[in-house]
Amino acid sequence: MLERNLPRCFPLRGKHSIGLADHANGQRIESWLKAATVSPLRFSDQQTDAMARLLPLLLCGEQSAQLVFNSEIARLAGSEHKLILNCLHGVEADEYRHDIALQQVATQLTELTSFNLVQRKAKRFYASLGRVENYSEHFVRISILDTCVTHIMQSFEQCHLGREHPFALLCGLIKKDEAKHVYVSRKHAMALGASANQFAEQHEQVVGNLMQLLLTQGGAFESMGVCLDGVTRKLEAKWR
Ligand SMILES: [Fe+2]
Ligand SMILES: [Fe+2]
């Protein structure tokens with residue numbers, strides 16, 4: 001069993017949005033977490049190996065998102081954008097909850113070698129997302145990324161583990177939050193001046209780079225029953 005504190009992809013800011021969930025889905029994740037703390041999740045040896053490669057990809061995304069939303073909250077603090085600030089706080093708190101829940105899953109893993117290796121690759125991808133010309137472009141990318149995450153989580157929800165497996169249940173809950181984040185990020189990007197064209201322009205690059213990262217662990221996705229080709233097809237159909 002690993003130590004509870006796994007190496008983080010991105011640091012947790014001192015002042016971040018936490019607190020008890022104020023929406024039903026967040027409360028379900030909190031209940032999931034309570035249950036997972038008392039009864040450990042079961043994975044076969046093969047699944048454990050696959051999860052050690054896949055969890056860093058998911059965790060790094062949650063940790064990077066917290067940093068993005070935390071920075072944006074700090075940038076807009078004290079401005080008149082009260083409504084959007086509330087939404088951004090809500091997203092940051094959701095991402096924190098996802099992070100803690102996925103870390104709980106990761107404590108079931110028995111080795112760290114592939115975890116660290118994949119984490120380095122994931123960190124490079126998520127850091128590259130932040131290299132943008134302006135804030136609106138960043139949130140265009142975040143919105144596209146969260147669309148991808150929504151589809152990936154849906155695939156995990158329906159993967160070989162079976163729908164009743166606690167990890168599949170968690171992915172179903174995260175999926176619901178991510179679908180909401182797509183909307184928040186999209187709206188925020190547009191409020192910052194993004195055009196509809198920008199979404200189409202960025203889509204190819206973000207999805208292409210993400211898929212390139214995910215395909216480095218293609219075997220692990222396949223062994224869990226997550227079809228990356230299927231995810232790509234759904235994403236392409238969305239923007240055609
Ligand atoms: Fe998330
Ligand atoms: Fe998100």
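Analyst: Two residues are taken to be in contact if their C-beta atoms, placed from the backbone, lie within 7 Å. The model is predicted, so that local features need pLDDT of at least 70 and side-chain atom pairs count only at pLDDT 80 or more, while totals for chains, interfaces and linings use all residues. Residues are numbered from 1 along each chain as its sequence is written, and chains are lettered from A and ligands numbered from 1 in the order in which they are written.

The position in question is Phe 167, which lies in helix α6 (residues 166-191); helices here are DSSP runs of H or I with at least four residues, strands are runs of E with at least two, and both are numbered from the N terminus. Phe 167 counts as buried because it has 25 C-beta neighbours inside 10 Å, the cut-offs being 20 or more other C-beta atoms within 10 Å for buried, 12 or fewer for exposed, and partly exposed in between. Leaving aside neighbours within four places in sequence, Phe 167 is in contact with Leu 41, Val 105 and Leu 161. Between Phe 167 and Ile 144, which are 23 residues apart in sequence, the C-alpha to C-alpha distance is 24 Å.

As for the setting, the protein chain has nine helices and zero strands, and buried residues make up 40% of its 240 residues. Among contacts between residues at least 6 apart in sequence, 83% join residues at least 24 apart. The C-alpha atoms of the protein chain fill a box of roughly 50 × 40 × 30 Å along the principal axes.
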